[in-house]
Amino acid sequence: MTARLRRLVPGTLGILVVIALWWVIAELFFTPKQVPPPPDVLSVFRDRGFDYYREIFSVTLKEASIGYLWGVGIALVLAVLVLLLPFLEPVVMQFAVITYCLPIVVLAPILIVAHEIPVKGGTSATAIDLAAISVIFTTVVGAVLGFRNVDQASLDVVEVYGGGRVQQFLRVRLVSALPALFATLQIAAPAAYLGALLGEWFDKHLEIGVGPSLYLAQNNRETALAWSLGLGCALVSGVAYFAIGWIGKTITPWAKGTAS
């Protein structure tokens, strides 16, 4: 318990310091229309109510989750292909780099035109696509590095007993790579959420979601509402990041030096 408290105290103090600095700077140097102080943001949370945030965040979370699963799935398949068929590595890595370098401002309009108009209360296919694209590069690179960071002696043992690349992958590389894979999946979660949010921002046909709400808050100069939505996005991304990290530590206890 003491060790856990030692880890929690610095983080809690850091958050409190950031909030205090935000409050002081907002009061001294800006108007509420420019940078709202914390009480104004809390007031918006209270006035809008939980149901408002639940409705819009549930749409964006659904898009991010679907895109995340598609993007991670594609990336892991590509990483496995690199391990089993090494001659494909240049092609796979070039594809991953292309997904990372694609300009969102150009790609989003193309996807919007290619997809059907979202139904009211439904999800944006463009947001799902951008969420998937946002995680491919980091997941491919992290997975390939994790698969390759193995004990050569363990691979040799499998080979001596007649195992080929597939057996080496299943019995050694996959288990050894799990900690690195979960670290990569942690990074991918906020990236997927950001991709979905950008897709909603560009897809003006979407009526419900964090993106449309942010767009309306900007146009109506509702600064406190925009800040509340931004803080909500940060909270959701942070929860996803730490949840995946916790799952990774639970499944791979050897990665932190504890007994399995």
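**Aromatic pairs**

I began with the rule that rings of Phe, Tyr and Trp (its six-membered ring) pair if their centres lie within 6.5 Å, with planes under 30 degrees apart counted as stacked, over 60 as edge-to-face and the rest as tilted. My search of the whole structure by that rule found seven aromatic pairs. One of them is formed by Y100 and F137, which are tilted, with 4.7 Å centre to centre and 35° between the planes. This pair links distant parts of the chain, since Y100 lies in helix α4 (residues 89-101) and F137 in helix α6 (residues 125-148), 37 residues apart. Helices here are DSSP runs of H or I with at least four residues, numbered from the N terminus.

**What I am looking at**

I note that this is a predicted model, in which local features need pLDDT of at least 70 and side-chain atom pairs count only at pLDDT 80 or more, while totals for chains, interfaces and linings use all residues. Residues are numbered from 1 along each chain as its sequence is written, and side-chain values use heavy atoms, with hydrogens and water left out.

**Helix α2 and its partners**

I then looked up how α2 (residues 38-48) lies against α10 (residues 223-251), and found that their axes come within 8 Å and cross at roughly 85°. Axes are lines fitted to C-alpha atoms, for helices over the stretch in contact, and angles run from 0 to 180 degrees between N-to-C directions. That angle makes α2 roughly perpendicular to α10, a term that covers 65 to 115 degrees. In α2, D40, V41, V44, F45 and R48 meet A224, L225, W227, S228 and L231 of α10, where contact means heavy atoms within 4.5 Å. By class, this contact has seven nonpolar, one polar and two charged residues; Ala, Val, Leu, Ile, Met, Phe, Trp, Tyr, Cys and Pro count as nonpolar, Asp, Glu, Lys and Arg as charged, and the others, Gly among them, as polar.

Against α3, the axis of α2 comes within 5 Å and crosses at roughly 90°, and the two helices are therefore roughly perpendicular to each other. I list V44, F45 and R48 of α2 and F50, Y52 and Y53 of α3 as the residues that make this contact.

**The second largest pocket**

Which residues line the second largest pocket? I found F45, G49, F50, Y53, R54, F57, S58, L61, L231, G232, L235 and V236, each with an atom within 4 Å of a pocket point, where a pocket is an open set of points on a 1 Å grid that fit a 1.4 Å probe, with protein on both sides within 12 Å along at least five of seven lines. The largest share of the lining, six residues, comes from α3.

Terms used
Angles under 35 degrees count as roughly parallel, over 145 as roughly antiparallel, 65 to 115 as roughly perpendicular and the rest as oblique.
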